[in-house]
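This report describes the fold of a single protein chain. Please keep the structure in view while reading.

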Amino acid sequence: MNCPECDSNLYDVNHPCPKCGLDLSRSAWVVIATITPPEDAVLESLIQSFGIPVRLIHSVGSVLGLAIGPLGEVKIAVPEQYAARVRQLLAAEAEERS
Ligand SMILES: [Zn+2]
């Protein structure tokens, strides 16, 4: 994947960018969607397919195996530098499905 700041190649998102020093592991992560399984796995692989790091934040409910109502919600988070791009991708995806 490429650095969202300077577009140089990042071999490992867990290390700072060699060119501009952007450190994605220290970046603020923003929640770009809140969804329920199994959509979380679909979104995760979609975002990863664009080379964008993604984290799933499971609510307490799904940790306990209760995927009912708001407790089963999963929050999708990406580094803030990617948030705008991911929102565009998701909007385009939603368009395709409708
Ligand atoms: Zn960079």
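## Overall fold

The model is predicted. The chain contains three helices and three strands, and along the sequence these follow the pattern β-α-β-α-β-α. Of its 98 residues, 15% count as buried. Among contacts with a separation of 6 or more, 51% are between residues 24 or more positions apart.

## The sheet

The three strands make an open sheet in the order S1-S3-S2, with antiparallel pairing. Strand S1 (29-35) and strand S2 (55-58) are the edge strands, and each pairs on one side only. From one strand to the next, the twist averages 30 degrees.

S1 and S3 run antiparallel and are joined by six bridges. Within this pairing, Val31 has Ala77 in S3 as its bridge partner. S2 and S3 are also paired in the antiparallel sense, over four bridges. Here Leu56 has Ile76 in S3 as its bridge partner, and His58 stands opposite Val74 in S3.

## The nonpolar core

Ten residues form the largest nonpolar core: Ile32, Leu43, Ile47, Ile52, Val54, Val74, Ile76, Val78, Tyr82 and Val86. Helix H1 (39-49), strand S3 (74-79) and helix H3 (80-97) are the elements that give two or more residues to this core. S3 provides the largest share, three residues.

Ile76 belongs to this core. Beyond its neighbours within four places in sequence, Ile76 is in contact with Val31, Ile32, Ala33, Ile35, Asp40, Leu43, Val54 and Leu56. Of these contacts, Ile32, Leu43 and Val54 are core members too.

What is the exposure of Lys75, which lies in strand S3? Lys75 counts as partly exposed because it has 17 C-beta neighbours inside 10 Å, and a buried residue would need 20 or more. Leaving out residues up to four places away in sequence, Lys75 touches Val31, Thr34 and Ile57. The C-alpha atoms of Lys75 and Thr34 are separated by 4.4 Å, although these residues are 41 residues apart along the chain.

Ile76, by contrast, is one of the residues of the largest nonpolar core. In a regular strand the side chains alternate between the two faces of the sheet.

Which residues of H1 are buried? They are Asp40, Leu43 and Ile47. These three lie on the same side of H1, because they cover an arc of only 65 degrees around the axis. An α-helix has 3.6 residues a turn, so residues three or four places apart point the same way. The buried residues of H1 pack against S1, S2, S3 and H3. On the face of H1 turned away from its buried side are the exposed residues Ala41, Val42, Ser45, Gln48 and Ser49.

The backbone has particular features on both flanks of this helix. Pro38 is found in the loop between S1 and H1, and a cis peptide bond joins Pro37 and Pro38, with omega of about 5 degrees. H1 is followed by Gly51, whose phi is positive, near 75 degrees.

Asp7 is found in the segment before S1. Its phi is near 70 degrees, a positive value in a residue other than glycine. Asp7 counts as exposed because 11 C-beta neighbours lie inside 10 Å, where the limit for an exposed residue is 12 or fewer.

Gln81 has its place in helix H3. With 16 C-beta neighbours inside 10 Å, Gln81 counts as partly exposed. Not counting residues up to four places away in sequence, Gln81 touches Pro4, Glu5 and Ser27. Gln81 and Ala28 are 53 residues apart in sequence, and their C-alpha atoms are 8.5 Å apart in space.

How values were computed:
Residues are numbered from 1 along each chain as its sequence is written. This is a predicted model: local features need pLDDT of at least 70, side-chain atom pairs count only at pLDDT 80 or more; totals for chains, interfaces and linings use all residues. Two residues are in contact if their C-beta atoms, placed from the backbone, lie within 7 Å. A nonpolar core is a set of buried Ala, Val, Leu, Ile, Met, Phe, Trp, Tyr and Cys residues joined through C-beta atoms within 7 Å. Two strands pair if DSSP finds at least two bridges between them. Axes are lines fitted to C-alpha atoms, for helices over the stretch in contact, and angles run from 0 to 180 degrees between N-to-C directions. The arc is that of the directions from the helix axis to the C-beta atoms.
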